[in-house]
Amino acid sequence: MYINTEYCGFYTLTTIEEHFDEYAEKAAEMAQLIEWDEIILYAILAYDHCTGGILSADFMLLRMPFEKYAKLCSVISDDCRMFFKK
């Protein structure tokens, strides 16, 4: 697991889910203060291509223009999923 791209160690799926929920809530709060064309990126999960299992989870609260997010989506690995609030 990573927080702001800083490695924090290995954690159980339960702990990762708790962090996911926590960051989703924080992102929802922050999203109330953003402009109409911005998003809050709060998680990037990387999955194993064969099994679908989670390989890594990175949690953050990044405010960015939706256009920048869309460009990031076009270059990120197909095995990664980004989560955001608008």
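Are glutamate 67 and lysine 71 buried or exposed? Both glutamate 67 and lysine 71 are exposed, where exposed means over 50% relative accessible area, buried under 20% and partly exposed in between (1.4 Å probe, protein chains only). The model is predicted: local features need pLDDT of at least 70, side-chain atom pairs count only at pLDDT 80 or more, and totals for chains, interfaces and linings use all residues. Residues are numbered from 1 along each chain as its sequence is written, and side-chain values use heavy atoms, with hydrogens and water left out.

**Helix α1**

- Helix α1 covers residues 13–31, 19 residues in total; helices (H or I, at least four residues) and strands (E, at least two) are DSSP runs numbered from the N terminus.
- From first C-alpha to last, α1 reaches 26 Å, close to the 27 Å expected at 1.5 Å a residue, the expected span being 1.5 Å times one less than the number of residues.
- The buried residues of α1 are Ile16, His19, Phe20, Tyr23, Ala24, Ala27 and Ala31.
- Seen down the axis of α1, these buried residues fall within an arc of 140°, so they line one face of the helix; the arc is that of the directions from the helix axis to the C-beta atoms.
- Exposed Glu18, Glu25 and Glu29 sit on the face of α1 turned away from its buried side.
- The cover over the buried residues of α1 includes β1 (2–3), β3 (38–47), β4 (54–65) and β5 (80–85), with contact meaning heavy atoms within 4.5 Å.

**Salt bridges**

- The structure holds 3 salt bridges, each defined as a side-chain nitrogen of Lys or Arg within 4 Å of a carboxyl oxygen of Asp or Glu.
- In α1, lysine 26 and glutamate 22 are 4 residues apart, which means a separation of about one helical turn, and their side chains meet in a salt bridge at 2.9 Å, N to O.
- Lysine 26 is partly exposed, with a relative accessible area of 32%, and glutamate 22 is partly exposed at 34%.
- Glutamate 38 and arginine 63 form a salt bridge through their side chains at 2.9 Å, N to O.
- That pair links distant parts of the chain, with glutamate 38 in strand β3 and arginine 63 in strand β4, 25 residues apart.
- Glutamate 38 is buried, with a relative accessible area of 14%, whereas arginine 63 is partly exposed at 45%.
- The side chains of glutamate 67 and lysine 71 meet in a salt bridge at 3.7 Å, N to O.
- Glutamate 67 and lysine 71 both belong to helix α2 (residues 66–75) and lie 4 residues apart, about one turn of the helix.

**Aromatic rings**

- A search of the whole structure finds 9 aromatic pairs; rings of Phe, Tyr and Trp (its six-membered ring) pair if their centres lie within 6.5 Å, and planes under 30 degrees apart count as stacked, over 60 as edge-to-face and the rest as tilted.
- One of these pairs, phenylalanine 66 with tyrosine 69, is tilted, at 5.7 Å centre to centre and 45° between the planes.
- Phenylalanine 66 and tyrosine 69 are both in helix α2, 3 residues apart, about one turn of the helix.
- Phenylalanine 66 counts as partly exposed at 35% relative accessibility, and tyrosine 69 counts as buried at 8%.
- Tyr2, Tyr7 and Phe10 form one aromatic cluster.

**Charge over a ring**

- Lysine 26 lies over the face of tyrosine 23, at 5.1 Å from the ring centre; the criterion is NZ of Lys or CZ of Arg within 6 Å of the ring centre and within 35 degrees of the ring normal.
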